[in-house]
Amino acid sequence: MTLQAPPNRLNSQGKIRHVGIEIEFAGLPPRDTAMIVRELFGGELNVVSPHRLLVEDTRWGEFGIELDTQYAHPDKSLADDPHPEDSEWARHQHQRRVEFHHKTRELIGDMVTGLVPTEIVCPPIPWNELEDLDALFETLREHGAKGTDASLLYGFGLHLNPEAERFDVDYLLAMLRAYLLLAGWLRDEIKVDITREMLPHANPFHKAYALKILDSHYSPDLDTLIDDYLHHNPTRNRELDMLPLFAYLRPDHSHELLHTQLTKPRPTFHYRLPNAQLSQPGWGSVTEWNRWVEVEKLAANSEVLLARCAEYIADHNRPMLTRVKEKLVRLLRREH
């Protein structure tokens with residue numbers, strides 16, 4: 001598959017835009033996965049704990065590989081040194097608790113390996129080098145990694161974190177509008193797995209929010225855009241999660257969702273919709289990036305974007321029975 005260029009290839013500093021990739025899968029434990037990453041992209045192996053490893057100093061930076069459950073990893077706060085004024089006995093007891101905690105977490109990780117996914121968090125990669133990254137997906141497939149469609153129990157996903165081209169409200173609003181207009185098309189193209197549809201990790205936006213955002217009279221400043229998003233979407237589990245970007249833009253914002261441990265501020269969109277289709281030959285980051293680029297293309301074409309927004313609003317304002325009838329007709333035509 002040919003890699004598609006986005007309409008805006010550079011960021012606001014005039015440098016090539018990057019994209020972060022996260023993928024979940026079964027069938028390969030973290031250590032074996034880390035060895036594959038190192039063989040493909042070089043770097044040094046750093047075993048943080050038995051089920052959490054880093055591959056550092058690759059051509060792009062640091063890859064993180066781990067079992068995707070906090071209970072398989074030691075709690076960093078417990079490992080803190082005791083106070084210097086503590087007695088020798090107290091320090092000894094603390095060390096024993098730490099050792100027991102590490103062994104317990106390692107045992108939990110051993111027990112759940114195969115039941116919870118392995119996750120790879122890739123470093124930010126220049127968008128025009130994603131074809132090179134896809135060697136990883138092919139190699140994982142060859143070594144028995146299992147993706148979303150391998151089992152009804154596998155609600156695995158691939159997340160893209162495309163770097164924002166800029167941070168002004170007009171650009172961000174255009175991106176949100178383009179995504180809302182293309183969300184249905186993306187779901188059809190991806191064929192979102194039924195298990196992932198049932199899980200709350202990549203929920204669609206509610207109609208009320210879409211109608212608000214797509215209305216041509218909606219012209220917020222950045223703070224209003226953020227506040228409206230948080231009001232209508234008080235969750236991390238949206239198919240396009242804007243919380244990391246908003247936390248980056250407004251680090252002093254009072255909303256608790258922008259300050260949770262799971263919301264990592266970064267200058268990127270957090271696109272959570274794709275399946276992890278490792279069972280499908282030829283599938284990889286390029287496939288999902290190319291789909292994402294359609295959102296960017298629509299956002300960059302202001303005339304077409306506004307026309308599509310108007311069509312959406314007009315369609316919603318038609319009588320419900322008319323819309324239901326037309327939807328049934330379309331479904332019947334597909335059947336035949």
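Trainee: How many residues are in the largest nonpolar core?
Mentor: The largest nonpolar core has 84 residues. Such a core is a set of buried Ala, Val, Leu, Ile, Met, Phe, Trp, Tyr and Cys residues joined through side-chain atoms within 4.5 Å. Buried means under 20% relative accessible area, with a 1.4 Å probe and protein chains only. This is a predicted model: local features need pLDDT of at least 70, side-chain atom pairs count only at pLDDT 80 or more, and totals for chains, interfaces and linings use all residues. Residues are numbered from 1 along each chain as its sequence is written, and side-chain values use heavy atoms, leaving out hydrogens and water.

Trainee: Which residues have the most contacts inside that core?
Mentor: Phe63, Leu133, Tyr179, Leu225, Phe269 and Trp292. Contact means heavy atoms within 4.5 Å.

Trainee: And what does tyrosine 179 touch?
Mentor: Setting aside residues up to four places away in sequence, its partners include Phe205, Tyr271, Trp292 and Val295.

Trainee: New topic. Where is proline 274 found?
Mentor: In the loop between strand 9 (270-271) and helix 9 (285-300). Helices (H or I, at least four residues) and strands (E, at least two) are DSSP runs, numbered from the N terminus.

Trainee: Why does proline 274 count as buried?
Mentor: Because its relative accessibility is 0%. Beyond neighbours within four places in sequence, proline 274 is in contact with Gly157, Leu158, Ile190, Arg196 and Glu288.

Trainee: How many residues of helix 9 are buried?
Mentor: 13 of its 16, so helix 9 is mostly covered.

Trainee: What about helix 7, which residues are buried there?
Mentor: Leu222, Leu225, Ile226, Asp228, Tyr229 and Leu230. They pack against helix 4 (169-190), helix 6 (207-214), strand 8 (240-241) and helix 8 (243-249).

Terms used: Buried < 20%, exposed > 50% of the residue type's maximum accessible area, 1.4 Å probe, protein only.
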